[in-house]
Amino acid sequence: MISTVLDRDTEVKPAQGDAIAAHIVKTQPGESATAVIMQARVFGEELEALCGHRWIPSRDPKQYPLCDKCKEIYDMY
C-alpha cells in the first residue's frame, strides 16, 4: 500500500550527479506512514522509498523537492 504522507528526508548523500530530494515512504496495508516515519526517527531505523532509495530520517522533509521517481510511481496508483 502506498501512503499519502510524504517524508522528504535525505540523510544519505545522493549518488554523483543526483540531486537531494524528498521521498514517498513505502508502507504496509493498514500501516500509518506518519507512525512509520516517527518510529524510524526515534529508533534510527532505515526506511525505503517508492523509488528504492533507503535512508534513516532525521531532517525536515519540507526543505527538499519531491523525488521525480517517487512522484511518478505514486501517480500511477
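**Salt bridges and their criteria**

Reader: What makes Lys-26 partly exposed?
Author: This is a predicted model. Lys-26 has a relative accessible area of 38%. Buried means under 20% and exposed over 50%, so Lys-26 counts as partly exposed.

Reader: Why is the contact of Lys-26 and Glu-48 called a salt bridge?
Author: The side chains meet at 3.3 Å, N to O. The cut-off is 4 Å between a side-chain nitrogen of Lys or Arg and a carboxyl oxygen of Asp or Glu, so the pair qualifies.

Reader: Is Glu-48 buried, exposed or partly exposed, and why?
Author: Glu-48 has 28% relative accessibility. That value lies between the limits of 20% and 50%, so Glu-48 is partly exposed.

Reader: Why does the pair of Arg-54 and Glu-46 count as a salt bridge?
Author: Their N to O distance is 2.8 Å, and the rule asks for within 4 Å, so the label applies. Arg-54, at 40% relative accessibility, is partly exposed, as is Glu-46 at 45%.

Reader: What makes Asp-75 and Lys-71 a salt bridge, and where do they lie?
Author: The closest N and O atoms are 3.0 Å apart, within the 4 Å cut-off, so the pair is counted. Both residues lie in helix α2 (residues 68-76), four residues apart, about one turn of the helix.

Reader: Which residues are joined into one network?
Author: Salt bridges that share partners join Lys-26, Glu-46, Glu-48 and Arg-54. The count by this rule is four salt bridges.

Terms used: Residues are numbered from 1 along each chain as its sequence is written. This is a predicted model: local features need pLDDT of at least 70, side-chain atom pairs count only at pLDDT 80 or more; totals for chains, interfaces and linings use all residues. Side-chain values use heavy atoms; hydrogens and water are left out. Buried means under 20% relative accessible area, exposed over 50%, partly exposed in between (1.4 Å probe, protein chains only). Helices (H or I, at least four residues) and strands (E, at least two) are DSSP runs, numbered from the N terminus.
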